[in-house]
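Reader: I would like to go through this model term by term. Please set each value against its rule.

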Amino acid sequence: MFRKTVLIHYWVLFKWKVIFSISRLYGYKIKIAQSQSELKDLYAFRYDIYINELSRIQNHADHVHESLEEPLDEYGYNIIALKEDRIIGTARINLNSKDQLKEYYNIYDLQRFSNTKKSIAMVSKLMVSKKFRNTPLSILLACACYQIGCSNDVDYTFIDCYPYLIKYF
């Protein structure tokens, strides 16, 4: 078992290096948003995609400030992709916590996994600016979520998406 774990660990590190090498080829910078300025820009980016572009109804949309911040943001890893210091894509991953993922435990019947010692995570709000949708950016964001999951010993990761996107994942 130890050998398998070590091999998986090296494979994850190798893949992470490949992700960043590909990112640099395209001029992308992928990182976890941490500063208030980055988070503010992230919430505005989400609002622009979900409300302005897709005309989606979002319970947590702040139409006055044109911002989309959700309760899961407080506990999740908010990943951003930048090009020339502008956000062009994002994804959020939340690690296993019944309190954090309570709503999703019911929607997706996640309690099936709560009796095991396995760890779960939920990826949501994966989106890419229209101009970059036919590039590897969405895959690179998904890989960044995967790396965070591997670093935190996550066994199962679920993605919250619209039904028409299921075939993509």
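Author: Start with ring pairs. Rings of Phe, Tyr and Trp (its six-membered ring) pair if their centres lie within 6.5 Å. By this rule there is 1 aromatic pair.

Reader: Why is the pair of Tyr28 and Phe132 called edge-to-face?

Author: Planes under 30 degrees apart count as stacked, over 60 as edge-to-face and the rest as tilted. The ring centres of Tyr28 and Phe132 are 6.1 Å apart and the planes stand at 80 degrees, so the pair is edge-to-face.

Reader: What makes this pair a tie between parts apart in sequence?

Author: Tyr28 is in the loop between α1 (2–26) and β1 (29–32), and Phe132 is in the loop between β6 and α4, so the pair ties together parts 104 residues apart in sequence. Helices (H or I, at least four residues) and strands (E, at least two) are DSSP runs, numbered from the N terminus. Tyr28 and Phe132 are both buried (under 20% relative accessible area; exposed is over 50%, partly exposed in between; 1.4 Å probe, protein chains only).

Reader: What are the ground rules behind these values?

Author: Residues are numbered from 1 along each chain as its sequence is written. The model is predicted: local features need pLDDT of at least 70, side-chain atom pairs count only at pLDDT 80 or more, totals for chains, interfaces and linings use all residues, and side-chain values use heavy atoms, without hydrogens and water.

Reader: Which residues have the most contacts inside the largest nonpolar core?

Author: Ile30, Ile79, Leu137 and Leu141 do, in a core of 20 residues. Such a core is a set of buried Ala, Val, Leu, Ile, Met, Phe, Trp, Tyr and Cys residues joined through side-chain atoms within 4.5 Å. The largest share, 6 residues, comes from α4. Leu137 touches Tyr28 and Phe132, among others (contact: heavy atoms within 4.5 Å).

Reader: What makes Lys125 sit over the ring of Tyr50?

Author: The rule asks for NZ of Lys or CZ of Arg within 6 Å of the ring centre and within 35 degrees of the ring normal. The charged end of Lys125 is 4.4 Å from the centre of the Tyr50 ring and sits over it.

Reader: Which element has the lowest mean pLDDT?

Author: α1, at 57; β4 has the highest, 96. pLDDT is the predictor's confidence in each residue, from 0 to 100. Residues 1–9 fall below 50. Where pLDDT is low, the predicted coordinates should not be read in detail.

Key: Lists of a residue's contacts leave out its neighbours within four places in sequence.
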